[in-house]
Amino acid sequence: MSLPIKPLSPKEVVAAIAHTNVLKAPGYDLISGKVLKELPKKAITLLTILYDSMLRLSYYPLLWKFAQIVMVPKPGKPINDVTSYRPISLLPIPSKIFEKILLKRLRSDVDFLALLPDYQFGFRAGHSTIHQTHRIVHEIAKSLRGKRLCTAVFLDVTQAFDKVWHTGLLYKIKTTLPSPYYLLLKSYLHTRFLQVKYNGSYSTCHEVL
């Protein structure tokens with residue numbers, strides 16, 4: 001058993017909204033960042049209550065798990081080839097704001113330094129491919145100075161992020177994070193839907209499997 005996640009304050013919600021890019025395209029609900037920045041205090045309070053309910057119940061609303069996929073054509077590519085398009089997933093902006101707030105809470109409640117190895121650089125603040133390159137060069141130079149063999153394996157996995165095994169991911173989350181976070185992330189990953197939009201036409205809705 002774990003303690004519940006600490007409730008949010010309207011100030012935290014306002015701060016998260018303030019960092020929202022107003023130029024970002026909205027999701028299917030058409031609620032833009034500019035609209036959220038113009039919300040009155042009463043609406044901010046109601047949004048805070050909604051976010052707190054999600055934290056308390058460990059439940060992610062189904063309507064916020066609906067993505068609209070916009071197909072952006074790649075320059076100089078044939079239009080009749082599926083690989084000639086770059087899909088961009090548009091989610092409701094209120095949902096994305098909650099994700100930022102949740103990540104901030106996770107960072108304050110969980111010791112990420114103890115969970116993530118030093119050599120992991122992907123999806124970490126202050127870490128980039130340049131830092132990883134320096135680390136590899138340093139390891140090679142250290143092996144050469146010590147007159148030791150230095151071996152390396154480089155893998156280029158196509159669409160690695162899109163092919164994450166959710167069952168295995170949830171198992172790791174369950175064994176490392178407090179239970180309220182696990183239950184909320186489990187709800188976040190399950191029963192997600194998408195719809196493709198292209199030139200004003202829409203496909204039918206499909207569940208993400």
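The lining of the largest pocket holds 30 nonpolar, nine polar and nine charged residues. Here Ala, Val, Leu, Ile, Met, Phe, Trp, Tyr, Cys and Pro count as nonpolar, Asp, Glu, Lys and Arg as charged, and the others, Gly among them, as polar. The model is predicted: local features need pLDDT of at least 70, side-chain atom pairs count only at pLDDT 80 or more, and totals for chains, interfaces and linings use all residues. Residues are numbered from 1 along each chain as its sequence is written, and side-chain values use heavy atoms, with hydrogens and water left out.

Of its 48 lining residues, Phe123, Phe161, Val164, Leu169 and Leu189 are the closest to its centre. A pocket is an open set of points on a 1 Å grid over the protein atoms alone, where a 1.4 Å probe fits, with protein on both sides within 12 Å along at least five of seven lines; lining residues have an atom within 4 Å of a point. H4 gives the most to this lining, seven residues. Helices are DSSP runs (H or I, at least four residues), numbered from the N terminus.

The second largest pocket holds about 250 Å³. Ile136, Val153, Phe154 and Leu155 line it.

H4 and H8 pack at about 150°, with axes 12 Å apart. H4 is therefore roughly antiparallel to H8 (angle over 145 degrees). Axes are lines fitted to C-alpha atoms over the stretch in contact, and angles run from 0 to 180 degrees between N-to-C directions. In H4, Phe98, Glu99, Leu102, Arg105, Leu106 and Asp109 meet Tyr181, Leu184, Leu185 and Tyr188 of H8 (heavy atoms within 4.5 Å).

Methods:
Helices (H or I, at least four residues) and strands (E, at least two) are DSSP runs, numbered from the N terminus. Grid points are joined across faces, edges and corners, and a volume is the space filled by probe spheres set on the points. Angles under 35 degrees count as roughly parallel, over 145 as roughly antiparallel, 65 to 115 as roughly perpendicular and the rest as oblique.
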